Amino acid sequence: MRSSVPASADWRVHKFGGTSLATPARIRHVADLLGDRDRPLAVVVSAVSGVTDRLLALAENAHTDPDGLSDRLQSLRDDQRAMVSDLLNGDTAASVLDALDQDLDDLADVLRATHLMGTAPDTTRALVAGYGELWSTRLLGGVLRSRGLSAAVCDAREVLVVTHEKLGPVVDWDATRRQFANWRAARSEFDILVATGFIATTPDGVPTTLGRNGSDHSAALFASLLGAEALTIWTDTDGVMSADPRYVPDARRLDVLSYEEALEMAYFGAGVIHPRTLSPAIEHEIPITIRNTFAPDRPGTRIHLEDDGASVVKGFSTIDDVALLNLEGSGMIGVPGIARRLFDALEDEGVSVILISQGSSEHSICFAVPQAEAKVAREAAEQAFYAELDRGQLRTVELVPDCSILAVVGDRMTGTPGVAATFFGALGEASVNVRAIAQGSSERNISAVVDGDDAHRALRAVHAGFYLSKRTLSIGVLGAGNVGAALLDQIRTEADRLRDEQDIDLRVRGIATSSRMLRAEQRLDLGTWRDDLAEGDAADLDAFVDHVQTDYHPHTAIVDCTASGAIARHYRGWLERGIHVVTPNKKANTGAWDAYQALQAASRGPGPQYRYETTVGAGLPILRTLNSLTETGDQVHRIEGILSGTLSYLFNAFDGERPFSAILRQARDEGFTEPDPRDDLSGMDVARKVVILAREMGVSLGLDEVSVDGLVPGPLRDGSVPSFLDRLPEHDADMTKLLRDARANDKVLRFVGSVTRDGDASVRLRRYPVDHAFARINHTDNIVRFQTDRYADTPLIVQGPGAGPQVTAAGVFTDLLRLIS
C-alpha cells in the first residue's frame with residue numbers, strides 16, 4: 001500500500017530526553033509542542049527519567065538479590081501503569097497496558113535466567129535497558145493518537161542495524177535503509193513517526209544500544225534516513241553554552257555554531273551534544289538546533305555549516321581527571337620512530353591518548369591520558385623504551401597526576417592574532433600554571449594542561465578574558481544608609497547606558513550592613529534590593545569580600561559607605577588582595593601616620609586603587625585639584641575652607657529671625673546632619689578633613705594636632721540626642737549674640753578649617769567680610785581656597801554643594817568610574 005507521505009516530503013525530526021518526559025504533565029507538554037508543528041515530523045524519545053537506571057539495577061542485582069526482584073518489578077509496573085492511566089483511556093490505554101504487561105512478563109523471564117546464569121552479559125543488559133524507550137515511545141504515541149493525530153510507533157530495533165568497533169557503534173547503512181524502507185511501506189497512513197532512541201540491533205538481530213547519548217545519535221540517524229531538513233534536540237538547557245554554567249556564572253548561550261566548533265566542544269565535554277550525534281548530520285548537512293523543552297520560546301543554539309561570525313572565540317571546555325606523562329631525553333633527538341614506538345605501546349594496552357605536545361627540539365614528548373589509565377600508560381612507555389632508559393639515553397617517564405585539560409574553541413581563531421595572548425594572559429593573571437600546550441594547524445582549538453585544582457579557576461578566568469569587557473567591575477557595597485542607598489539607586493539608573501554606550505559593566509554583586517548581607521552570583525536586582533536585603537543572610541564581612549572578589553571578573557571594588565573605623569582597618573588588606581577600595585569614610589586617612597603611608601603605598605602603581613575623593617567636599621573635586629597642583633610642582637602654602645555642608649547650611653540659614661536650635665532641628669529632619677548633630681557641631685568631622693588635606697600636601701599632621709573649637713555647649717556634650725535637642729534652646733542667646741556682633745562689623749559667621757604647609761591647623765567659627773568669597777555661598781556649599789606659588793595674589797577656589805546623600809553618592813560613583821576609565 002502506498003504511503004500517504006511521499007519520500008521527498010520535508011521531514012523535521014525532534015528528539016526529547018528523559019527529563020522532558022519525566023511526568024505525565026511533561027509528556028502532555030511535549031505533545032502540545034508537537035501538535036503545533038508542521039508535519040510530517042519524526043519524534044525520537046528517551047526513556048522516562050530514571051527508568052533506565054532502575055532497569056539496569058534489576059539486571060545487575062538479579063543474580064545477587066533474587067528475593068527483591070519481584071518487589072522491584074512490581075514497583076516498576078505500578079509506576080508505568082499509573083502514567084498510562086493518567087495519560088490515556090479507552091482502547092488506546094488498553095493496548096498500551098497490554099504491551100506493558102507483556103514486556104514486564106518477558107523482563108521477569110530474562111531476570112530469572114540471569115539469576116540462574118549468575119551474571120548479566122552485555123547482551124542481556126542491552127535488552128533490559130531498552131524497555132524504557134519502548135514504554136515512553138508507546139506513551140507519547142498514544143497521547144498523540146488520542147488527540148486525533150496520525151502517529152506510528154517505531155521500535156528502532158526493527159530498523160537500525162549497528163556493529164560495535166573501537167570508535168563506537170558503526171551503522172550498517174545498507175541494511176538500515178532496507179529495513180527502514182520496509183517498515184515505512186507497511187505503514188501507509190501516518191505523518192508522525194514516534195521512534196525509540198538509544199536502542200538498535202546487531203546484524204545478527206541481537207538487541208544492542210548506541211551507548212552514551214544514544215538517543216541523540218538515534219535522532220540524527222533517523223534524520224539522515226528521512227532526508228530531514230532539520231533536527232531539533234529538546235533538552236533542559238537553553239542551548240550550547242560558552243562554558244559550563246555550574247562553574248562559570250557568566251556563561252552565555254551561543255546562537256550559532258559550525259559543525260567543527262560543535263565537534264571540538266563536544267569532545268571537550270560540552271554535555272549538551274555528543275560527537276557521534278553530529279556525524280550523520282554533517283554528512284547530510286542537516287542543521288541541528290538545541291532547545292529548551294521548558295522554555296520553547298527561546299531560540300536555542302543552531303549548529304550548521306558555518307558559525308555566525310559574532311565572536312572569534314565561541315566556547316571553553318575542560319576534561320578533568322587527566323594525568324600528564326613526559327618522555328624525555330637526549331637520546332630522542334633526531335631518532336626516527338620514537339613517537340610510533342610510544343603510541344604503538346599505548347595502543348597495545350588500550351590506553352586512550354587525549355593530548356600530545358612535542359617541541360621542535362624532539363627532546364621530549366608530553367602526552368595526556370585519562371587518570372584511570374595513567375599507571376598502565378607509564379608502564380607501557382617504560383617497557384617500550386626499556387633499553388634506552390637502562391642506558392641513560394632517556395630519563396624516567398615522569399607522571400603528573402590530577403590534571404585537567406582546558407580548551408578554547410572557535411572557527412574565527414584561524415588567522416586572528418592575539419587569541420593565544422589573551423588565553424595565556426588570562427591564565428597568568430589568575431596565577432594558573434600551564435603544564436603543557438597543544439594547538440593544531442587549523443587554529444580552531446588551543447588546549448592547555450593545568451593542575452586539576454586550578455581547572456575551574458582557569459575556566460572562569462579565560463572565559464572572562466574573552467567574554468567580559470575589560471571594564472567589568474564586581475562591586476560590593478558596605479553600608480546601605482543615606483549615601484549607600486543613593487549610590488545603589490544611581491547605579492541602577494545608569495548601568496544600562498554605561499554598558500551600551502561606554503562598554504562599562506558595573507555589577508553590584510553584594511550589599512551589606514552591620515547585620516545583614518545580600519549576595520548574587522552575577523548581579524543583584526537593584527530595583528528590589530531594599531526588600532531583598534531585609535531577608536538576606538547574617539552579615540559576615542570575610543565571606544562577603546570573598547564572594548565579591550572572583551577570579552573571573554577583571555576588577556573588584558569594595559565601596560565603604562559606612563563611617564566605621566573597624567571596616568577602614570581592612571582597606572590595606574583588601575588592596576593587597578587586588579581589590580579596589582572606594583569610600584567617603586574618613587577614618588582610614590586620619591588614623592596613625594604610618595598606617596596612612598602604608599595604605600597609600602598599597603595603592604601605588606598599576607594595581608588596585610584607593611579612591612576617596614568624597615572624604616573632603618562630597619562630590620567636589622577638592623582632592624583632585626590639590627593633587628593636580630602638587631603633582632605639577634606647585635607649592636601649596638595654605639588651604640582653608642568651609643568643609644562641612646551641614647555647618648554651611650546652618651550659618652547660611654541662621655539670620656536671626658529663627659533661633660539656631662530650630663534651624664538645627666530642621667536640618668536634622670531633612671537629613672543634612674548626622675543622626676547625632678553633635679558629630680557635626682563638634683567640628684571633628686571638619687578636623688578630619690583638615691588632616692586629610694594636610695596629608696595630601698605631604699604634611700604628617702595628626703588629628704590630635706588640630707586646634708578644634710567646636711559649637712557644642714559644654715553641659716550638652718553628654719546625654720541622649722533627644723535631651724541635647726531639647727536643651728539646646730537654652731544656648732540660643734549666645735549664638736544670636738555672636739551673629740549680631742558680626743553683623744555690626746559688616747561680617748558673616750562661617751565655620752572654617754585651615755591648614756598651612758608648616759602644619760598649623762585649626763577648626764573654628766570665624767568672621768569674614770560680606771564681600772569675602774566665604775560669605776558668598778549658598779545652601780550646603782563647600783568652598784575651599786588654595787594659596788599657592790601659582791595662585792598667590794588670587795587664590796584658587798573650588799565651590800559647590802558639599803552635603804547630602806545624592807551629591808556624596810555621585811562623587812563615589814565618579815570614583816568608581818575612574819577605576820576603569
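These legends describe close-up views of a predicted model. Local features need pLDDT of at least 70 and side-chain atom pairs count only at pLDDT 80 or more, while totals for chains, interfaces and linings use all residues. Residues are numbered from 1 along each chain as its sequence is written, and side-chain values use heavy atoms, with hydrogens and water left out.

**View A. Helix α3 against helix α4.** Helix α3 spans residues 69-87 and helix α4 spans residues 90-117. Helices (H or I, at least four residues) and strands (E, at least two) are DSSP runs, numbered from the N terminus. The two axes come within 11 Å and cross at roughly 165°. Axes are lines fitted to C-alpha atoms, for helices over the stretch in contact, with angles from 0 to 180 degrees between N-to-C directions. α3 is therefore roughly antiparallel to α4 (angles over 145 degrees count as such). Contact means heavy atoms within 4.5 Å. From α3, the contact uses Leu69, Leu73, Arg77, Gln80, Arg81 and Val84. The α4 side includes Leu97, Leu100, Leu104 and Leu111. By class, this contact has 11 nonpolar, 1 polar and 4 charged residues. Ala, Val, Leu, Ile, Met, Phe, Trp, Tyr, Cys and Pro count as nonpolar; Asp, Glu, Lys and Arg as charged; the others, Gly among them, as polar.

**View B. Helix α2 against helix α4.** The axes of α2 (residues 51-61) and α4 come within 8 Å and cross at roughly 35°. Leu55, Leu58 and Ala59 of α2 meet Leu107, Leu111 and Thr114 of α4. This contact has 5 nonpolar, 1 polar and no charged residues.

**View C. Threonine 293 in its loop.** Threonine 293 sits in the loop between β11 (288-292) and β12 (301-304). Its relative accessible area is 0%, so threonine 293 is buried. Buried means under 20% relative accessible area (1.4 Å probe, protein chains only). Leaving out residues up to four places away in sequence, threonine 293 touches Phe16, Ser20, His29, Val30, Leu33, Trp234 and Thr235. Threonine 196 lies 97 residues away in sequence and 18 Å away in space, C-alpha to C-alpha.

**View D. The buried residues of helix α21.** In α21 (residues 593-602), the buried residues are Tyr596, Ala598, Leu599 and Gln600. Their cover includes α20 (571-576), β25 (610-611) and α26 (684-697).

View E. Cysteine 154 counts as buried because its relative accessibility is 0%. Cysteine 561 also counts as buried, at 14%. A disulfide is a pair of cysteine sulfur atoms within 2.5 Å. By that rule, the count is 0 disulfides.

Technical notes
Buried < 20%, exposed > 50% of the residue type's maximum accessible area, 1.4 Å probe, protein only. Parallel < 35°, antiparallel > 145°, perpendicular 65-115°, else oblique.
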